[in-house]
Amino acid sequence: MKVLVASAWPYVNAVPHLGNLVGSHLSADVFARYARLRYGKENVVFVSGSDEHGTPIEVEAIRRKTSPRELTDQAHDYDVKLFDGWELSFDNYSRTESPVHKRFVSDFLMGLRDYLEVKEEEIPYCEVDRIYLPDRFVKGTCPYCGFEDARGDQCDNCGRLLSPELLKDPRCSICSSKPVWKRTVHWFFNLERLEEDLKSWLERAKFPKNVEAVAMSWVTEGLRPRSLTRDNSWGIPAPFPGAEGKTIYVWFEALLGYLSATVEFFERKGKKEEWLNFWKGQDVRSYYFMGKDNIPFHAVILPAMLLASKKGYSLPYMIAASEYLLYEGQKFSKSRKVGIWIDEALEIMDVEYWRYLLIRLRPEERDMNFAWKEAIRIINTELNNDLGNYINRVLSMIKRSFNSVVPQISNPSQNDLNFRAFMEEVVVEVSKKYDDAKLKGALESTLQLAREGNQYLNRASPWDAIAKGRMEEAGTVLTIAVNSIRTLGILLYPVMPTHMNYLYSMLNLGKVEDDVWDSAGKLTIKPGHKIGEVRTLFKKLPDDFEKEVEEKLKDARRKIEAVRPPLLR
Ligand SMILES: [Zn+2]
Ligand SMILES: [Zn+2]
């Protein structure tokens, strides 16, 4: 089996905030790390990249008297470093300016010719700014829900896909004047001809409810042709004869980035043809991670393009779209300084505490709220108490009473056998949740093992047995328990890779990356194995952390503001 892990390409003109990150890159990374352990490194490719074309950046470059490419070079480099800091293990983090991407997009779109039509169109044009206004640069009232601040491409309130002429009271989003409509020619992708194929595919697919609902409502409301080309200059030139001076609409080309980044990854490895193993055949599972506003593009437009290419490319196997993350009960807002952006976050706390928190609070089925009070509680009770204490109790007893050597198992009690069985069950359950892209659920089930481990120790009280000289009884408990700590190391690795490798060094076991997921529930640490040095894995956050967090955040903002490249300030 081949697993393609794809996270939505962020538009490179803004630093992602915590909610953006957990929706796409972080969730995708956690899943990719799981998949590598479970299905083998060589069978997993994890791709994404910077979406850098389009009017917003073109306008920004004009305003700053520089070139769009200079702005996106800086922003892309900044993001790449930042994602390293977040331990995101992309196999290829590409960009839409990559020559491989540009070539791929041109070839791919030429192959869609049967589904293209040229239409004369009236496009909103702002006479004040002297620019054709792309869909999202026109604002107005949504015809479906009455939301007054709907964009011409999509309504953020009801989620429906729009086009500018559907908006009531349209206005230019740069200067608020009323646009005029000018004639121009554009190339359209004939989505409605794929409606039946899409519908039957969606009916067969097992997507989460939020994805299914949005995708089905699109298809049943009827698909309209969508314009593939734009009249701006910052983008990939439209390859169609007669389309000189036009570029490809960013959404269409960014979606093709999943393919081109796979191509690029294998070209760099000198194995040019191997990319097809991840895009064709029955044995491919592709997982896409994104925020919910990207659902239509991944559940309708991308599969439509793949079908229209008639190349037999695999359609999405799983589309995991997160709901919104709120910050202290409010929507993230850069202008109102509500929320934390991912470069600021790294100044405040250990990256893996963040990773744990964000997956714990992942808005999987409903909106979730990030609140510091709760975040501190989670770190102090779950990481420090449930996990940290359990690990420390077991390893310390082996060190103290068994000279760091894992003892024999003899005559296991019912309590021992029950916990053994529970270890195996947890691994099965966590695997299933990962396969369904239920990362929050997987983490909760994993935590259950640590909690149950603490209970197991309390019931067995090996310290009593040791005090009374019943070393065989204590040894049996501790050997099962130390194996369950290895189980935790494997199951938690996708979320906290550095900490779990540190845990593995305490167990004297090498790297988690080299271990095998399917063995996680087994007793592979054998009697006679010598464990490593016992150290502290997690720390409580200090009592004054909550009180001081606003101050820390202000300091972080000041520091970050000075190092962000111009486009991202
Ligand atoms: Zn609406
Ligand atoms: Zn204007």
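## Terms and basis

Helices (H or I, at least four residues) and strands (E, at least two) are DSSP runs, numbered from the N terminus. The model is predicted, so local features need pLDDT of at least 70 and side-chain atom pairs count only at pLDDT 80 or more, whereas totals for chains, interfaces and linings use all residues. Residues are numbered from 1 along each chain as its sequence is written, chains are lettered from A and ligands numbered from 1 in the order in which they are written, and side-chain values use heavy atoms, with hydrogens and water left out.

## Helix α12

Helix α12 spans residues 372-402 and has a kink of about 35 degrees centred on Gly 388. The bend at a residue is the angle between axes fitted to the seven residues ending there and the seven starting there. Just after α12, Asn 403 adopts a positive phi of about 55 degrees.

Ile 376 is a residue of helix α12. Buried means under 20% relative accessible area, exposed over 50%, and partly exposed in between (1.4 Å probe, protein chains only). Ile 376 counts as buried because its relative accessible area is 12%. The C-alpha atoms of Ile 376 and Asn 43 are separated by 37 Å, and these residues lie 333 residues apart along the chain.

## The nonpolar core

A nonpolar core is a set of buried Ala, Val, Leu, Ile, Met, Phe, Trp, Tyr and Cys residues joined through side-chain atoms within 4.5 Å. The largest such core holds 123 residues, and the members that touch the most others are Leu 18, Trp 86, Ile 348, Met 349, Trp 354 and Trp 372. Helix α12 supplies the largest share of this core, 14 residues. At least three residues of the core come from each of domain 1 (2-108 + 250-342) and domain 3 (371-519); the domain bounds come from an automatic or database domain assignment. In soluble globular proteins, nonpolar side chains tend to be buried together.

## Two zinc sites

Donors are N, O and S atoms within 2.8 Å of the metal (3.2 Å for Na, K and Ca); water is not among the atoms, so sites may look incomplete. Four donors count as tetrahedral if all angles lie between 85 and 135 degrees. The zinc ion (ligand 1) is held at 2.3 Å by the SG atoms of Cys 142, Cys 145, Cys 155 and Cys 158. Angles of 105 to 117 degrees among the 4 donor atoms make the site of the zinc ion (ligand 1) tetrahedral, and its donors follow the spacing C-x2-C-x9-C-x2-C along the chain. Cys 155 is buried because its relative accessibility is 1%, whereas Cys 158, at 28%, is partly exposed.

The zinc ion (ligand 2) is coordinated at 2.0 to 2.3 Å by Cys 126 (SG), Asp 129 (OD), Cys 172 (SG) and Cys 175 (SG). The site of the zinc ion (ligand 2) is tetrahedral as well, with angles of 102 to 115 degrees among its 4 donor atoms. The donor residues of the zinc ion (ligand 2) have the sequence spacing C-x2-D-x42-C-x2-C. Cys 126 is buried at 0% relative accessibility, while Asp 129 is partly exposed at 29%.

## Strands and sheets

Two strands pair if DSSP finds at least two bridges between them. Strand β1 (residues 2-7) is mostly covered, with 5 of its 6 residues buried. β1 runs parallel to strand β13 (residues 284-291), to which 6 bridges join it; Ser 7 has Phe 289 in β13 as its bridge partner. β1 is also joined in parallel to β2 by 4 bridges, where Leu 4 has Val 45 as its bridge partner.

Strand β2 (residues 44-50) is in turn joined to β3 by 4 bridges, again in parallel, with Val 47 opposite Asn 92. Strand β3 (residues 92-95) is covered on both faces: Asn 92 and Ser 94 on one side and Tyr 93 and Arg 95 on the other are all buried.

Elsewhere, an open antiparallel sheet of 3 strands has the order β7-β6-β8. β7 (150-151) and β8 (168-172) stand at the edges with a single partner strand each, so one side of each is left without a neighbour in the sheet. Strand β6 (residues 138-141) pairs with β7 over 2 bridges, and Lys 139 has Arg 151 in β7 as its bridge partner.

Note on methods:
Tetrahedral: all angles 85-135°; square planar, octahedral: opposite > 155°, others 65-115°.
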